[in-house]
Amino acid sequence: MQIEYERGISNPGNLYRMKKLMARAEAGETLNIGFLGGSITQGCLASAPELCYAYRVFQWWEKTFPQAKFHYINAGIGGTTSHFGTARAESDLLSHKPDFVIIEFSVNDESTEFFRETYEGLVRRVWQDENEPAVMLVHNVYYNNGGNAQIMHGQIARHYQLPAVSMQSSIYPEVVAGRIPNREITEDDLHPNDKGHELVASVITYALDKIRMAQTDDEEPEFPAPLTQNCYEKAVRLDNRNYEPENYGFVKDTRVQEEVKDCFKNGWAAKEKGSSLTFTVQGSEIAVQFKRCVTQPAPVALAIVDHDEAHAVTLDANFDEDWGDSLTLTPVMVHGANGTHTVEVRLISGDETMPAAFELISVITSEK
């Protein structure tokens, strides 16, 4: 399978942090290699965890710098976007003090202004971490139509001078040309199989090898002003570990979350119509995160902001796909007034005979 790897470098970026990191690796330091993204980063459809693209890239660091010691951090969660990524960046990634971070959400985010803003918030949050990680952006692709959010995400890459690589401009053209049959690399035109993960990793490691060999006098770039309104950089996630809402009829989930992808825990559940949770929050952005179930029927709820029932948002826990339950994040206030707000989640259908409960996982808020 021949790939034009040079085309895969969608933005060369400023190499100051990358070269500094590689010098530390050459010196034999202990370094943390982190990945934050969706199901492809998590390793969906790889036959073993060590065959996913993220672990293959981690192995590139081990093989290229055998004198150093590396720790692997995989913070991929299937079906999640950069909106959720901003709220969990600290707990799932930055708390592990990564020295290198790949951010991968270009097939999870839609190609809209909203996700350009949430993606920028995530990039700014990671880049400004006290550990000063080197950051690379990865744009995966739908192999049946070439779709992704690279147009929006690429604007962020260029604005912050970050190295970025693209499967849309490297692997996908070979699929279109028929030189790579799509069923040899993906079963569903999105998630790579073992061979597909190997190809994705090869695009990334080609860029890393080129950076390693590059002669550059890049200096640390000045951190620019935001490109968007940047209302998501300070996102906060409220669940039952850090918040007690006004509760009528919901039961707290006390199960222990064992790993990052064990993501349907630490919330609240109810089946009875009329059950409600009310949060009082600060910010201008509010989103409700809940579980949509393949087990049906499940209750339906409303999210009501500041008692405005006329503009309530419907939260339907019934999920019609067949690949499994979905961790769904629904915005209920976007670019609202910055200040104190209430959000009530109230069941408008349901009873104890239903096979599935309405599970509210968290409320995510942010402010500019």
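Reader: Which strand is Asn11 in?
Author: Asn11 lies in strand β1, residues 9-11. Strands are DSSP runs of E with at least two residues, and helices are runs of H or I with at least four, numbered from the N terminus. This is a predicted model, where local features need pLDDT of at least 70, side-chain atom pairs count only at pLDDT 80 or more, and totals for chains, interfaces and linings use all residues. Residues are numbered from 1 along each chain as its sequence is written, and side-chain values use heavy atoms, with hydrogens and water left out.

Reader: Is Asn11 buried or exposed?
Author: Asn11 counts as buried because its relative accessibility is 13%. Buried means under 20% relative accessible area, exposed over 50%, partly exposed in between (1.4 Å probe, protein chains only).

Reader: New topic. How many aromatic pairs are there?
Author: The structure holds 17 aromatic pairs. Rings of Phe, Tyr and Trp (its six-membered ring) pair if their centres lie within 6.5 Å; planes under 30 degrees apart count as stacked, over 60 as edge-to-face and the rest as tilted. One of them is Tyr55 with Tyr72: the ring centres are 4.9 Å apart and the planes at 90°, so this pair is edge-to-face.

Reader: Where do Tyr55 and Tyr72 sit?
Author: Tyr55 is in helix α3 (residues 53-64) and Tyr72 in strand β3 (residues 69-76), 17 residues apart. Tyr55 counts as partly exposed because its relative accessibility is 23%; Tyr72, at 28%, is also partly exposed.

Reader: What about Phe290 and Phe358?
Author: Phe290 and Phe358 are stacked, 5.5 Å centre to centre with 15° between the planes. Both Phe290 and Phe358 are buried.
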